[in-house]
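Q: I would like to go through this structure step by step. Could you start with the terms I will need?

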Amino acid sequence: MAVYFFTIIALLCLFNGLSNGRVLQWPSIGMNLFGFIPTIYVDQSGFAHFDTIQSAIDSIPSNNSYWICIFINSGLYKEQVTIPVDKPFIYLKGADVKTTIVIWGAHDSLVTSPTFSSFADNIIVENLNFTNSYNYPPENNGNQMKPALAAMISGDKSAFYGCAFSGLQDTLLDDNGRHYFKLCTIEGAMDFIFGTGQSIYEDCTILVNAGSIAADYGGYITAQGRLDPNDANGFVFKNCKVIGRGKAYLGRAWRGYARVLFYKTHLSNIIVPQGWDAWNFKGHEDQLTFSEEDCDGDGADTSKRVKWEKKLSKNMVESLTDLSFIDTDNWINGQPFILLN
């Protein structure tokens, strides 16, 4: 009986939208492991609920308390997209990361330049490409290199699956809160993963494009901003691969207690032998937690690393690389996963 009921509801929703003299191409609900959740569709053809991502987000009531999926069909979306702090429980799902691209070209300001900004808690993003076009693609780009963010993530309990973040300087501001990046690609040259987020990057591709600036240009992958030894935040790269062109440091200290761990990650020969840079905290290197554990590849030789690179205890490595580092309250497993669109 329950199956029959939901089938009828699905068929009714399939034909939602007749009042405007056209039939929507998709049903207005998505199926996930927990049943049906409301789904809003975005497509530039005009045969969907909205033709921009931002207008779909704007349609969701403030202080929403249940999951709503926004399905975005393939297309080049030339817009800045913002999820405000009062709109949690949004699931942005693109049709395909290679063909569903959100692009904008603002620069200079960390606050106003991001192509995508997310301030709300409980956010899922899947199969979307966020690009800042000011310095990207970097080949034959006449613009002076400046901060130009593809994304800023400031809310807690935010997860990204199969997404891409493309830029040159300051590509991804992993700003604040607990974040999980799975099977994502982050591309840039200078401090292109930075912030004070408490984040795990798992099975991700870190793509260095410093070679597009100059063959011997030395970029920086991370600039982590931990302020205090008691702060829980830090960046953990787990089972990732670091590839690209040019040369790059694994990271430099944006703040005085920066913490970054590369764990079981493939490091190609683009990594400079020193590995790390204390930046403005030279003389205080003992405060920094820059570490590598069980990495491989031509860039994983630590014999010429800076002497102050941390060797973490087995217990600390396990603590940082376990999902509980960001998920003590099981928020990741509690998120919906769309099975049918």
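A: Two strands pair if DSSP finds at least two bridges between them. Strands (E, at least two residues) and helices (H or I, at least four) are DSSP runs, numbered from the N terminus.

Q: Where does the model come from, and how are residues numbered?
A: This is a predicted model, in which local features need pLDDT of at least 70 and side-chain atom pairs count only at pLDDT 80 or more, while totals for chains, interfaces and linings use all residues. Residues are numbered from 1 along each chain as its sequence is written, and side-chain values use heavy atoms, with hydrogens and water left out.

Q: How many helices and strands are there in the chain?
A: The chain contains 3 helices and 28 strands.

Q: Which strands make up the open sheet?
A: The open sheet has 8 strands in the order S4-S7-S10-S13-S16-S19-S22-S25, and the pairing is parallel. Its edge strands are S4 (75–78) and S25 (266–267), each of which pairs on one side only.

Q: How many bridges join S16 to S19?
A: Strand S16 (residues 185–188) and strand S19 (residues 205–209) run parallel and are joined by 4 bridges. Within this pair, Gly188 stands opposite Val208 of S19.

Q: Now to S9. Which strands does it pair with?
A: Strand S6 (residues 90–94) pairs with S9 in the parallel sense over 4 bridges, and Tyr91 has Ile124 in S9 as its bridge partner. Strand S12 (residues 158–161) also runs parallel to S9, joined to it by 4 bridges. There, Ile123 stands opposite Ser158 in S12.

Q: Are the faces of S9 buried or exposed?
A: Buried means under 20% relative accessible area, exposed over 50%, and partly exposed in between (1.4 Å probe, protein chains only). In a regular strand the side chains alternate between the two faces of the sheet. In S9 (residues 123–126), Ile123 and Val125 on one side are buried, as are Ile124 and Glu126 on the other.

Q: What share of the whole chain is buried?
A: Of its 341 residues, 54% count as buried.

Q: Changing topic: how many disulfides are there?
A: The structure holds 0 disulfides, a disulfide being a pair of cysteine sulfur atoms within 2.5 Å. Cys240 is in none, and the nearest cysteine sulfur, that of Cys204, lies 4.8 Å away. Cys295 is likewise in no disulfide, the nearest cysteine sulfur being that of Cys240 at 9.4 Å.

Q: And is Cys240 buried or exposed?
A: Cys240 has a relative accessible area of 5%, so this residue is buried.
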